[in-house]
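Please have the sequence and the structure open while I talk.

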Amino acid sequence: VQLQAFGGGLVQPGGSLRLSCAASGTIFIIHDMGWYRRAPGKQRELVAEITRGGGPNYADSVKGRFTISRDNAKNTVYLQMNSLKPEDAAVYYCNADVSRLDYVRKGYWGQGTQVTVSS
């Protein structure tokens, strides 16, 4: 199973970016999916997560600005980031809780995508 993340880049404060992360491989079903981030000198933190049924959960720091969504048919999770702040700058990682076709269930991580917020 592989997770491929797209959509990072450089944006000015107040701008928007949309991240996407597609899972592929021997997938039977994907349970929760989520986005984490790690800023320089800080620990990795949860940004947002979403259940298979679409129920979201957000870090307080991004509530009202970020929206997580998913397309189960495409095994893809999205993160729409609006009103970006310099403190949102980090490497963003997607995560998926996957049940594989061989009945093994484990978490997988994408490769990370850099988000830079600067004027």
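When I say contact, I mean heavy atoms within 4.5 Å. This is a predicted model, in which local features need pLDDT of at least 70 and side-chain atom pairs count only at pLDDT 80 or more, while totals for chains, interfaces and linings use all residues. Residues are numbered from 1 along each chain as its sequence is written, and side-chain values use heavy atoms, with hydrogens and water left out.

Let me begin with Val104, which sits in the loop between strand S9 (90-100) and strand S10 (105-109); here helices (H or I, at least four residues) and strands (E, at least two) are DSSP runs, numbered from the N terminus. Once its neighbours within four places in sequence are set aside, Val104 is in contact with Val98 and Ser99. Val104 has a relative accessibility of 34% and therefore counts as partly exposed, where buried means under 20% relative accessible area, exposed over 50%, and partly exposed in between, with a 1.4 Å probe and protein chains only. Phe28 is 76 residues from Val104 along the chain, and the C-alpha atoms of the two are separated by 9.6 Å.

Now to the cysteines. A disulfide is a covalent bond between the sulfur atoms of two cysteines, and the criterion used is a pair of cysteine sulfur atoms within 2.5 Å. How many disulfides does this rule give? The count comes to 1 disulfide, formed by Cys21 and Cys94 with their sulfur atoms 2.0 Å apart. This pair links distant parts of the chain, since Cys21 belongs to strand S3 (residues 17-24) and Cys94 to strand S9, 73 residues apart. The torsion about the S-S bond of Cys21 and Cys94 is about 55°, so the disulfide is right-handed. Cys21 is buried at a relative accessible area of 1%, and Cys94 is buried at 1%.

Next, the interior. By nonpolar core I mean a set of buried Ala, Val, Leu, Ile, Met, Phe, Trp, Tyr and Cys residues joined through side-chain atoms within 4.5 Å. The largest such core has 32 residues, and those with the most contacts inside it are Trp35, Leu79, Met81 and Tyr92. Among the elements that give two or more residues to this core are strand S1 (2-6), strand S4 (27-38) and strand S8 (76-81), while S9 gives the most, with 5 residues. Leaving out residues up to four places away in sequence, Met81 touches several residues, including Leu19, Phe66, Tyr92 and Val115, and also Arg65.

Arg65 brings me to the salt bridges, each of which is a side-chain nitrogen of Lys or Arg within 4 Å of a carboxyl oxygen of Asp or Glu; by this rule the count comes to 6 salt bridges. Asp88 pairs with Arg65, the closest N and O atoms being 2.7 Å apart. Asp88 lies in the loop between S8 and S9 and Arg65 in the loop between strand S6 (56-58) and S7, so the pair ties together parts that are 23 residues apart in sequence. Is this pair buried or exposed? Asp88 is buried, at 0% relative accessibility, and Arg65 is buried too, with a relative accessible area of 10%. Salt bridges that share partners join Arg37, Glu45, Arg65 and Asp88 into one network.
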